[in-house]
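Subject: Structure for your files

Dear colleague,

Here is the structure I promised to pass on. My notes follow below it.

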Amino acid sequence: MIERQIKAYACYNLDKDTRYNSTSGGLFLAICKEIIDRGGYVVGVEFDTNFNPRHAITKEYQGCLNFSGSKYPQSDTGYIYKDVKTLLDKDEMVLFSGTPCQVAGLKSFLKKDYSKLFCVDIICMGVASPKIWQSYLNHVFSNDDVDYVRFKDKKHGWTKYSINIRSKTKELHELGGRNIFMNSYVLGHQMRESCYECQFKGKNRFSDITIADCWGVEKIIPEWDRHDGISVALINSDQGNFLFKIAQANLEYKEIPYEKAIKENPYYSMGKELPPFNKFFWWAYNELGFLFYWIYDASSFRYRAIRKIWSLIIKK
Ligand SMILES: Cc1cc2nc3c(=O)[nH]c(=O)nc-3n(C[C@H](O)[C@H](O)[C@H](O)COP(=O)(O)OP(=O)(O)OC[C@H]3O[C@@H](n4cnc5c(N)ncnc54)[C@H](O)[C@@H]3O)c2cc1C
Ligand code: SF4
């Protein structure tokens, strides 16, 4: 069988604010703009009124702005597959975005190909638990009406991301590594079981284009300023090629070798490792609730050291 060739591009949105407010380099909104201009619909992930991520549909560019920015807890897909099918059956153009497993889920639901369906997925480390996310929010902002959440804020730059949460009376702004929620997510706790054995890695994906952070870009295009973020686009199909071509009007871009594009992005090719003591993490969280979570946070430095030693023992 001939291996599928995948073209890769480093790129960033020419609009400074769009680029800054997006998680990577603002490629997603560059694509959305062109789909909306052509009368199409965009499906993406926004927050509901309780700041739970959910899938929604829009026909306005303004609506796409709600989709911008990574939301790490798993999104609620609700009836989105059915709504997408209804639009496609009316011969409407639809851009669907989500995790690789959500794109696979949509394709399996539709059961046939539609020429006006375009799918974008992300390189996906795994999704965080909506249950832990809600208990974190309630604990830190109890009785306060949260009105803003950004999981990856670029105040300190793209590579030193921070989480920013605001209510009318309080603001939390913490570097990702120091934040209790982000820390336990990045360490690999609180993910869905299937994320540890994800089936949709490497070239085994059903999207037309995969978008992600262009980690390692400083070694490929050292002259580019990275502060506000750089995206990578991996073109998986002819539909993906079309999407990237139309988005070019809003982008600075450069083709880069596929191997270099994925080299520093481990979760393109593999799932997150199941952390040791994960069963204990969940047992203690379910028994002790947030009390455990705080103890966990306080000891996370020690925990990381234990984890390192554990992985060395396993490797021996
Ligand atoms: C759970 C998760 C894990 C990720 N893991 C990695 C990784 O390991 N490596 C990496 O390089 N990039 C990862 N990303 C992707 C990256 O953070 C950016 O979202 C991506 O590069 C797009 O950035 P952008 O600047 O083009 O646009 P943005 O405007 O930031 O695009 C946001 C896009 O992400 C989608 N999205 C947001 N939240 C969710 C969600 N909960 N579920 C499904 N889709 C969502 C939106 O619909 C939209 O398509 C992850 C994103 C998420 C949500
Ligand atoms: S890691 Fe895999 S299974 Fe988990 S959300 Fe991402 S695509 Fe889905």
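Among contacts in the protein between residues at least 6 apart in sequence, 69% join residues at least 24 apart. Please keep in mind that this is a predicted model.

Overall fold. The secondary structure comes to 13 helices and 11 strands. Of the 316 residues, 40% count as buried. The C-alpha trace spans about 50 × 50 × 40 Å along its principal axes. The radius of gyration is 20 Å, which agrees with the value near 20 Å that a compact globule of 316 residues would have.

Ligand 1. There are 33 residues around this ligand, and those that come nearest are S22, T23, G44, S97 and A212. By class, the shell has 16 nonpolar, 15 polar and two charged residues. At least two shell residues are supplied by each of these elements: α2 (27-37), β2 (41-47), β4 (94-98), β5 (117-122) and β9 (209-213).

An open sheet. Strands β6, β7 and β8 form an open sheet in that order, with antiparallel pairing. Its edge strands, β6 (146-153) and β8 (171-175), each pair on one side only. From one strand to the next, the twist averages 5°. Between β6 and β7 (residues 162-167), which run antiparallel, there are five bridges. V149 stands opposite I165 in β7.

Regards

Conventions: Residues are numbered from 1 along each chain as its sequence is written. Chains are lettered from A and ligands numbered from 1 in the order in which they are written. This is a predicted model: local features need pLDDT of at least 70, side-chain atom pairs count only at pLDDT 80 or more; totals for chains, interfaces and linings use all residues. A residue is near a molecule or strand if its C-beta atom, placed from the backbone, lies within 6 Å of it. Helices (H or I, at least four residues) and strands (E, at least two) are DSSP runs, numbered from the N terminus. Ala, Val, Leu, Ile, Met, Phe, Trp, Tyr, Cys and Pro count as nonpolar, Asp, Glu, Lys and Arg as charged, and the others, Gly among them, as polar. Two strands pair if DSSP finds at least two bridges between them. Axes are lines fitted to C-alpha atoms, for helices over the stretch in contact, and angles run from 0 to 180 degrees between N-to-C directions. The radius of gyration is taken over C-alpha atoms; the globule rule is 2.2 Å times the number of residues to the power 0.38. A residue is buried if 20 or more other C-beta atoms lie within 10 Å of its own, exposed if 12 or fewer, and partly exposed in between; C-beta atoms are placed from the backbone. Two residues are in contact if their C-beta atoms, placed from the backbone, lie within 7 Å.
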